[in-house]
There are 2 protein chains.
Amino acid sequence: MRQMHLGLFLLGTGSHVAGWRMPGAVTSFQDFHAIQQMAATAERGCFDLIFMGDNLYADPGAHPSYTLRLEPLTMLAALAMTTKHIGLGATVATTYSDPWSVARAFASLDHISGGRAAWNAVTGSSAQAAPNFGRTHPNHAERYAIAAEFVDVVRGLWDGWEDDALVADRASGLYLDPAKLHPLNHEGVHFSVKGPLNIGRAPQGRPVILQAGGSEAGLDLAARTADVVFAVVQDFEEARGQYRALKSRLPAYGRRPADVAVLPGVMPIVGRTEREALDKLAQLQGFISPGNALQLLQDRLGIDLSGQDMDAPLGDLPLHDGGHGFARTLLNKARRDNLTLRDVYNLLGAARGHWVLCGAAEKVADTLQQWFEGGAADGFNVMPSHFPGGMDDFVNLVVPILQERGLFRTHYEGRTLRDLLGLDRPERLGGRKPA
Amino acid sequence: MRQMHLGLFLLGTGSHVAGWRMPGAVTSFQDFHAIQQMAATAERGCFDLIFMGDNLYADPGAHPSYTLRLEPLTMLAALAMTTKHIGLGATVATTYSDPWSVARAFASLDHISGGRAAWNAVTGSSAQAAPNFGRTHPNHAERYAIAAEFVDVVRGLWDGWEDDALVADRASGLYLDPAKLHPLNHEGVHFSVKGPLNIGRAPQGRPVILQAGGSEAGLDLAARTADVVFAVVQDFEEARGQYRALKSRLPAYGRRPADVAVLPGVMPIVGRTEREALDKLAQLQGFISPGNALQLLQDRLGIDLSGQDMDAPLGDLPLHDGGHGFARTLLNKARRDNLTLRDVYNLLGAARGHWVLCGAAEKVADTLQQWFEGGAADGFNVMPSHFPGGMDDFVNLVVPILQERGLFRTHYEGRTLRDLLGLDRPERLGGRKPA
């Protein structure tokens, strides 16, 4: 029986912009002890992976955990020691890093974690990062052109070592078989990278690749290179559309539907009763102020909203330099449902543009099952509003129902994240360019 | 009473080029379980810090652990979870990285480890890295100019957050006090970096800075910015000379001699008797072949040695593009002692240019004490020939003697690496450029 895959979107103070204001909630994404507890809860809940977003600038007006956070790779390497089974996915933007270092760091994380590393390859949508790197932020098309080449280089570097290159024969003194290390000699438009890496082939062959882009360029890159795709959606029809859009692109790249897991993001607000869930949501939404949510919205949309009427229908707003998935999803919903600016920033403040699923545990499980069986999802990227409460509720109340229905694992099997996702260890593409 | 500081130079297969051939030795720097044991031994021995070199290319002919290794920051973040007290120092080259990412990663490691992070700021001396980054390797002077600006930017970024910027007041909803986040707005010759970081001020204020350069430019940079300096030396007089050269530069930068710990590198080959130690060294040296050691020597010197007579005195060889400390130290010794090429590559194969101290435990302790008390060292960077044997011998046989003599701690006191090193937590230099 086909089973769901569940990812935990681990954003320290929760995905809700003001989730940290809930009584007892974690208030800092710098508190490693708290993060360790979140990971432990995800592993208790048999999740496939923990996954972190990232951003490359501080903006005190935006989401608290964007501005104050641990760096993803160091954090996940530490979590590799405090967890045993769960996958560990970190975001690194292709616009502000270099492929040799990225390939190396994720290979290292894969070795350290025994095959649990995943790279969330994003282009980095916010122009606010650029001045921290002495750079000009490339436009959307340019970012995706860079990303496509970057991902190919990283995959090529991961394939540079044959599995049995390390000989370490004490008697003869032969340490490595040099014929089993292959330079990449990549000379492209954006990168020139010789290789090979100075680290052996990863336990997973190649670490898992995650992606989240919803634009045409993003979908193409994901269809060609991703193992897991996070979708930003607001309802079932939209999710089914995105699911089909991605899966239908796979054959062109010689891939099967089962080769990529599509996980819509969802913020579950779960109660033992419907009332309890609604009360929690109301409490969370009561913490939103124009101050924090409007800033986030402006950042997402890339436009100045200061002159707008909060309570008039939003109408058609221009979308800057295409492509921010959150922005597109929100503006689509605003048009569909005739929302006001206040509605939109409340929605954004809640889950940063993602789907909010509020209800009694049974109902939440029903809905997830319906999406999963209805061709809209291979599982979900769970985005708790706050920690530990938002995550505890899901793991304690919803996961057991999914397990009882046979929709989700009750214990870990296999050794690597690829095993959990049902993906084969890839063959080396020696010399050949990955598809 | 003044006490020594001890660092462990953690190179997976040991510093000896063929140490992995010793019976029972660790054969791979990818084996995290083995690395964890090395760190545990260093902590059992009350060492101040673990310190990793790094390199950014694979060269199967060179030192095994240069070509096959874990990436330093992910490895140290994982070790932060398996250790409690010891400092964690990683090398990141200023030539092939960017200051925002480096400042952020070490701040993150400092938070994760509770104040035990150290950055070994090197320029990256090998031109072999350049083609992995699509770059041309800058010359020595240029590398040091870049490094000097890079280190200033990193220190400035570490000072961007005031300690109490995080408010997290649930009642008012104020998360951060934006007045306590300070952009750096650095506009320099090599870097333009706005800041601030998206991570709060580190537990140590600033992570510890390690440096190793022995050139004039390297000594100046170290005198101005380093907390710990590793020296590459071959004998007492040379060590005393380097010690003085560094300490005498400090007043010009408003710093006191105690502000910087100078730790010469030493490969201890320790026996319960002199005979046992000599036998171990002979066994190790027997594993060296022209194949591995000559390659390493050519790389260090940057010249082709294939036509040279192995057994004639080396004479005066040209030193390429100034400054590789190992090369200078070795050639000085070759001239002083009239060594042949075979002598030099054996010396290099043993400890990569560092001092080899071979003898019974008591004699080894005597020599270390003499250097420490004779104005040549504030402690030592211990470079075991192989693991676990080379490190076990030192911790089991030499450390207890140093402790008995009151020259070294018997237990950990304090909380951070700065505490272990006797260094104050630095004040923020708000807006002001660090000295």
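Which residue of chain B forms a salt bridge with A:Asp54? I looked this up before anything else. The partner is B:Arg104, and the closest N and O atoms are 2.6 Å apart. I note that the model is predicted.

**Entry: the interface**

I then turned to chain B against chain A. I find 66 residues of chain B in contact with 66 residues of chain A. The area buried between the two chains is about 5200 Å². Carbon and sulfur atoms give 63% of that area. I asked which three residues of chain B supply more of its buried area than any other three. They are B:Trp20, B:Arg170 and B:Tyr175, with 14% of the area that chain B buries against chain A.

I also looked up the salt bridges. Between chain B and chain A the count is 2. One of them joins A:Asp54 to B:Arg104. Over all chains, a search of the whole structure finds 54.

**Entry: a helix pair across the chains**

The crossing is right-handed.

Which residues meet here, on α4(A) and on α3(B)? From α4(A) I list A:Arg104, A:Ala105, A:Ser108 and A:Ile112. From α3(B) I list B:Pro72, B:Thr74, B:Met75 and B:Ala78. By class, the contact has 5 nonpolar, 2 polar and 1 charged residues.

**Entry: a helix pair inside chain B**

Next I took helix α4 of chain B, residues 99-112, and helix α5 of chain B, residues 140-158. Their angle is about 50°, with the axes 9 Å apart. The two helices are therefore oblique to each other. Their crossing is right-handed.

I wrote down the contact residues. On α4(B) they are B:Pro99, B:Trp100, B:Val102, B:Ala103, B:Phe106 and B:Ala107. On α5(B) they are B:Phe150, B:Val153, B:Val154, B:Leu157 and B:Trp158. How many nonpolar, polar and charged residues does this contact have? I count 11 nonpolar, no polar and no charged residues.

**Entry: a salt bridge within one helix**

I went back to chain A for another salt bridge. The side chains of A:Arg240 and A:Glu237 meet at 3.5 Å, N to O. Where do A:Arg240 and A:Glu237 lie? Both are in helix α7 of chain A, residues 236-249. They are 3 residues apart, about one turn of the helix.

**Entry: backbone exceptions**

Last, I checked the backbone. Most residues other than glycine have a negative phi, and most peptide bonds are trans.

A cis peptide bond joins A:Phe387 and A:Pro388, with omega about -5°. A:Pro388 sits in the loop between β11 (379-382) and α13 (389-404) of chain A.

In chain B, the peptide bond from B:Gly195 to B:Pro196 is cis, with omega near -5°. B:Pro196 is placed in the loop between β6 (192-193) and β7 (208-211) of chain B.

A:Ala168 is not a glycine, yet its phi is positive, about 50°. I find A:Ala168 in the loop between α5 (140-158) and β5 (186-187) of chain A.

Definitions and conventions
Residues are numbered from 1 along each chain as its sequence is written. Chains are lettered from A and ligands numbered from 1 in the order in which they are written. This is a predicted model: local features need pLDDT of at least 70, side-chain atom pairs count only at pLDDT 80 or more; totals for chains, interfaces and linings use all residues. Side-chain values use heavy atoms; hydrogens and water are left out. A crossing is left-handed if the near helix is turned anticlockwise from the far one by less than a right angle, and right-handed if clockwise. Helices (H or I, at least four residues) and strands (E, at least two) are DSSP runs, numbered from the N terminus. Contact means heavy atoms within 4.5 Å. Ala, Val, Leu, Ile, Met, Phe, Trp, Tyr, Cys and Pro count as nonpolar, Asp, Glu, Lys and Arg as charged, and the others, Gly among them, as polar. Buried area is the accessible area (1.4 Å probe) that two parts lose on being put together, summed over both. A salt bridge is a side-chain nitrogen of Lys or Arg within 4 Å of a carboxyl oxygen of Asp or Glu. Axes are lines fitted to C-alpha atoms, for helices over the stretch in contact, and angles run from 0 to 180 degrees between N-to-C directions. Angles under 35 degrees count as roughly parallel, over 145 as roughly antiparallel, 65 to 115 as roughly perpendicular and the rest as oblique.
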